[in-house]
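Q: Could you go through a few local features of this one with me? I'll jump around a bit.

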Amino acid sequence: MQVKIGGVVLDDTFYGGEDLYSDGSIEDRILDICKNKKQDEVLHFSNEWPILYHLSDIRENLLEWYPFTKQDNVLEIGSGCGALTGLLSRKSQSVTCVELSRKRSLINAYRNQDRDNIAIWIGNFKDIEFQKKFDCITLVGVWEYAGLYVKGANPYLAILERLKSLLKPQGKLIIAIENKVGLKYWNGAPEDHTGKLYSGINDYIGEKNIRTFSRQEIIELLDRAGFPQVSFYYPMPDYKLPDTIYSDQILPRAGDIRCYRSDYSLCRLYNFYDATAYDQVCRDNMFPYFANSFLAVCGEGEGVCRFAKYSRECRDEFRIATEIRNIDGKRYVAKKALCKESVKHIFRMKHMQEKWKNMLPNISCLEGKLLDHEYRIPYIEGVDIDASLYEWRNDSSQFIKCVEKVIKNYLIPDEKDMLDFSITSEYKTVFGNNYPQNGKSLKTTNVDCVCSNLRLGNDGIVYNFDYEWIFDFPIPWKYVLWRSLNQIYTKYNVYLKDKISAYDFYARFEMDKKSVQIFEKMEQRFSNYVRGDGNKEAYLINYRKTALLQNIRLV
């Protein structure tokens with residue numbers, strides 16, 4: 001029987017009459033929340049994992065960057081409560097959802113009732129008789145459960161073969177799944193499905209019908225199913241709540257990944273420092289093996305998008321995505337708005353970049369263009385300045401000398417361009433009444449001119465490539481220097497903290513404790529400006545789990 005909720009069609013012809021998969025009574029609450037359109041209100045003040053997992057639009061980061069077209073007919077296997085359904089419906093011609101749970105299907109329908117291109121089939125996908133083939137099929141967080149719902153000697157292969165038969169000749173299968181040997185599991189994170197430590201690493205001994213795979217195992221299964229061509233992407237911290245998507249073309253480098261306390265579903269142990277382990281893994285080109293999860297696009301050669309990073313925790317007017325992709329054979333960095341409120345922020349970047357260029361004599365600014373409602377700048381091959389410091393991580397004396405050289409060579413303006421700082425109403429809006437006495441400033445300031453946004457190109461030129469936070473009112477330049485130092489010390493804290501404290505580190509650059517405390521207050525106000533007063537928009541912190549062993553079973 002078919003019913004409609006808004007524009008969404010629900011069909012329970014193949015429904016078995018029982019929801020075999022559920023998070024329990026909280027799903028009744030989620031249904032009521034979506035019926036009353038209170039998702040944002042509840043999400044920002046809850047601390048329950050099912051609320052975060054089912055309702056957060058951070059989930060959309062997983063596929064927001066993927067180039068679906070308005071001609072694509074998409075099949076979404078295991079659509080759940082619709083965390084990705086709305087995104088798919090906005091980017092494609094139609095979405096056909098398959099979901100075992102009637103309650104989750106109702107949640108999905110109420111959540112997306114303003115859409116008219118979604119149909120939800122309730123039931124086991126192996127029982128459904130599809131009348132057409134699809135341009136794209138998504139299998140997000142589902143493949144690992146194939147043993148529960150697909151019969152046969154190898155249900156994980158069987159489900160791939162069935163999906164292959166439902167694709168058009170040039171169709172794509174998109175799979176998201178945990179990596180059984182992901183680094184977080186070595187470092188005390190319980191396996192997501194069993195709740196035990198080291199289940200995947202121990203190859204699921206004693207477990208039935210649930211398993212994830214290593215990268216090589218995925219490649220082999222896909223090849224057997226008729227998918228010899230596959231592109232791998234690496235969502236971080238994982239595919240459930242990613243903020244960054246890496247690819248085999250752009251992988252993280254030593255210093256790029258700091259995942260401490262980014263766990264939201266279960267409490268965990270820490271056996272070692274995430275930072276040092278990831279740094280070594282990235283340095284040795286082993287990240288694809290140890291990534292926490294995979295996004296595999298089957299039937300795709302080398303993909304168009306190489307990298308994506310999202311800022312959904314910001315206020316609406318600052319919510320953007322940064323992508324690195326190939327356009328007409330050249331590689332570009334593209335900034336785009338994630339909502340209508342942030343379009344103005346994108347257009348502002350070009351205007352402010354023109355004002356900022358030439359403010360620092362030894363740094364070049366890349367010329368960007370506004371095209372298709374995006375701000376694009378050429379991608380520069382090279383190494384970020386902060387990443388180059390990794391070589392000296394265990395030698396604090398040499399490390400500090402290198403930082404001193406960077407500051408002197410690239411981050412000191414010409415004296416003739418400096419002005420006496422004077423406070424303005426615009427300054428107060430962003431930084432409050434916090435400012436050091438007798439400060440100097442530039443006419444235009446890029447407060448994000450930190451070492452992670454400075455790249456030494458293969459041509460020997462140092463480029464500043466991020467123009468999101470440029471202001472044309474006076475800002476104490478020493479605050480910008482402190483931001484760069486703070487970013488460096490935070491990134492390399494695990495190596496430096498036993499040798500030199502943060503305040504002693506700043507003191508090496510003529511910043512006393514009182515000044516640093518003022519800069520810290522400025523930084524908090526700036527964070528509030530970007531994320532919302534009181535950081536209400538930065539709701540993820542409410543959901544973080546402690547680094548303690550609580551209700552975790554050992555294998």
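A: A word on terms before we start: a residue is called exposed when its relative accessible area is over 50%, and buried when that area is under 20%. Please also keep in mind that this is a predicted model.

Q: Okay, is Q2 buried or exposed?

A: Q2 is exposed, because its relative accessible area is 55%, and Q2 is found in strand β1, which covers residues 2–5.

Q: What does Q2 touch, leaving out residues up to four places away in sequence?

A: Q2 touches V9, L10 and D11, and with D11 there is also a polar contact of 3.1 Å between the two side chains. Further along, T13 is 11 residues from Q2 in the chain, and the C-alpha atoms of Q2 and T13 are separated by 7.8 Å.

Q: Switching to α6, how many of its residues are buried?

A: Helix α6, residues 102–111, is mostly covered, with 7 of its 10 residues buried; among them are L106, I107 and A109, together with R104 and R111.

Q: And which residue caps the N-terminal end of α6?

A: That is S101, which places a side-chain oxygen 3.3 Å from the backbone nitrogen of K103.

Q: New topic: how many disulfides does a search of the whole structure find?

A: The search finds 0 disulfides. Taking C449 as an example, the nearest cysteine sulfur is that of C365, at 7.7 Å.

Q: Why does C449 count as buried?

A: C449 counts as buried because its relative accessibility is 0%, and C267 counts as buried because its relative accessibility is 13%, where the cut-off is under 20%.

Key. Residues are numbered from 1 along each chain as its sequence is written. This is a predicted model: local features need pLDDT of at least 70, side-chain atom pairs count only at pLDDT 80 or more; totals for chains, interfaces and linings use all residues. Side-chain values use heavy atoms; hydrogens and water are left out. Buried means under 20% relative accessible area, exposed over 50%, partly exposed in between (1.4 Å probe, protein chains only). Helices (H or I, at least four residues) and strands (E, at least two) are DSSP runs, numbered from the N terminus. A polar contact is a pair of N or O atoms within 3.5 Å; within protein, one must be able to donate a hydrogen and the other to accept it, and residues adjacent in sequence count only if both atoms are side-chain atoms. A disulfide is a pair of cysteine sulfur atoms within 2.5 Å. Contact means heavy atoms within 4.5 Å.
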